[in-house]
Amino acid sequence: MAAPVKSPVDGAVPAVQKLTIGKALNMGLRAAMEADDKVLILGEDVGKLGGVFRITDGLQKDFGEQRVLDTPLAESGIIGTAVGLAVRGFRPVCEIQFEGFIFPGFDQISSQLAKLHYRTQGRVKVPVVVRVPYGGGIGAVEHHSESPESLFAHIAGLKVVSCSNPTDAYWMIQQAVASDDPVLFFEPKRLYHNGQLKSEVDTTTPPGPLFASRVVREGTDCTLVAYGPSVKVCIDAAAAAAEEGRSLEVIDLRTLSPLDLAPVFESVRRTGRLVAVSEAPSESSITSEIAARVQQECFYSLEAPVLRATGFDTPYPPSKLEEHYLPDLDRVLHTVDRAMGW
């Protein structure tokens, strides 16, 4: 049974605040640490520096070096230490500085973190959160802009989620910390400090459960499904399509493992068309699974094949080329045009 997420004490923080995703994550981590003194944060530069994206800014100052730990540059050691801490009753939150650095820790994640609860027939819980800034659009060098979420969604024993807006950032990180299962928490780094996404966050009431997708814009002609950084692209595409008289429904997956596709099925049965959008390569991906499941469950409702607008099946390119690699508004609308043309 997961530990409950506690709402802030009356007067501790304003009930509604206007936040960016980055600030919402910072406040969510702070709330989780205030609610449970077993919550620890560990990672490279998370303490004095506050993380390279400043998501943990101020937490070591307020909670001390025993709860916010700067670690060596050793992802395998970070994850392995977190597994040991979890077995001893703590709730560690690991930060992987960039998604491309996670692979030295892949063995610990796949062989230990994902398996320990099952291996012990449920006697041992491993409530570890691994925070992973991911995705492109920041003009970075190699290993700093990738989207490896599908690799982890494939591993039984892990939960995988991704936030796309400040409200979800604030609440989902707390819900992930409170979960008794290991959670890979993918954060769209290019949206951390995006002022356009700054919005009011109700810090008193969670908007819903952690492992649930959500319709964020209703429509009738075609369904767009996305997660993380691609949700904003789809919302912008839907707004542009509306100016031309086309109505697009947008669904934010939020959870990648387990997938909550019931709202997607319901939407596709109404619209008859689906475009799945992601920055990750298309082959053997989250969008592949969506396409397979939708044609399996909604075959007789489909008016066109399920189409996808994704990154290409290549290594992530140099920063000068990333605008051509990432699915943008135009590529999404072109794919919608193809779906509507059937």
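Ala, Val, Leu, Ile, Met, Phe, Trp, Tyr, Cys and Pro count as nonpolar here, Asp, Glu, Lys and Arg count as charged, and the others, Gly among them, count as polar. Everything below comes from a predicted model, where local features need pLDDT of at least 70 and side-chain atom pairs count only at pLDDT 80 or more, while totals for chains, interfaces and linings use all residues. Residues are numbered from 1 along each chain as its sequence is written, and side-chain values use heavy atoms, with hydrogens and water left out.

**View 1**
Rolling a probe the size of a water molecule over the atoms shows where empty space is left. The search works on a 1 Å grid over the protein atoms alone: a cavity is a set of points where a 1.4 Å probe fits but cannot get out, whereas a pocket is an open set with protein on both sides within 12 Å along at least five of seven lines. Lining residues have an atom within 4 Å of a point. Grid points are joined across faces, edges and corners, and a volume is the space filled by probe spheres set on the points. Here, the largest pocket comes out at about 640 Å³. It's lined by 33 residues, and Ser147, Pro148, Ser150, Leu151 and Ala280 are the closest to its centre. Two or more lining residues come from each of helix 6 (149-153), strand 12 (255-257), strand 13 (274-281) and helix 10 (286-297). Helices (H or I, at least four residues) and strands (E, at least two) are DSSP runs, numbered from the N terminus. By type, the lining of the largest pocket splits into 17 nonpolar, 10 polar and six charged residues.

**View 1. Tyr134 meets Phe186.**
Rings of Phe, Tyr and Trp (its six-membered ring) pair if their centres lie within 6.5 Å; planes under 30 degrees apart count as stacked, over 60 as edge-to-face and the rest as tilted. The whole structure has 11 aromatic pairs. Take Tyr134 and Phe186: their ring centres are 5.2 Å apart and their planes meet at 75°, so this pair is edge-to-face. Tyr134 belongs to strand 5 (residues 129-134) and Phe186 to strand 7 (residues 183-188), so the pair ties together parts that are 52 residues apart in sequence.

**View 2. Lysines over rings.**
A charge sits over a ring if NZ of Lys or CZ of Arg is within 6 Å of the ring centre and within 35 degrees of the ring normal. Lys38 puts its charged end over the ring of Phe90, 4.6 Å from the ring centre. Over at Phe211, the charged end of Lys159 sits 4.8 Å from the ring centre.

**View 3. Cysteines without a bond.**
How many disulfides does a search of the whole structure find? The count is zero, where a disulfide is a pair of cysteine sulfur atoms within 2.5 Å. For Cys163, the closest cysteine sulfur is in Cys234, 16 Å away, so that's too far for a bond. Cys163 is buried, with 0% relative accessibility. Cys234 isn't in a disulfide either, as the nearest cysteine sulfur, in Cys222, is 9.8 Å away. Cys234 is also buried, at 0% relative accessible area.

Most residues other than glycine have a negative phi, and most peptide bonds are trans. Now look at the peptide bond from Ser257 to Pro258: it is cis, with omega near 5°. Pro258 sits in the loop between strand 12 and helix 9 (262-271). Gln121 isn't a glycine, yet its phi is positive, about 55°. You'll find Gln121 in the loop between helix 5 (116-119) and strand 5, where it is exposed at 69% relative accessibility. Ser284 isn't a glycine either, and its phi is positive at about 50°. The loop between strand 13 and helix 10 holds Ser284, which is exposed at 65% relative accessibility.

**View 4. Along helix 3.**
Gly84 is part of helix 3 (residues 75-87) and is partly exposed, at 34% relative accessibility. Ile78 is in helix 3 as well, but this residue is buried, at 2%. From C-alpha to C-alpha, Gly84 and Glu283 are 35 Å apart in space and 199 residues apart in sequence.

How values were computed: Buried < 20%, exposed > 50% of the residue type's maximum accessible area, 1.4 Å probe, protein only.
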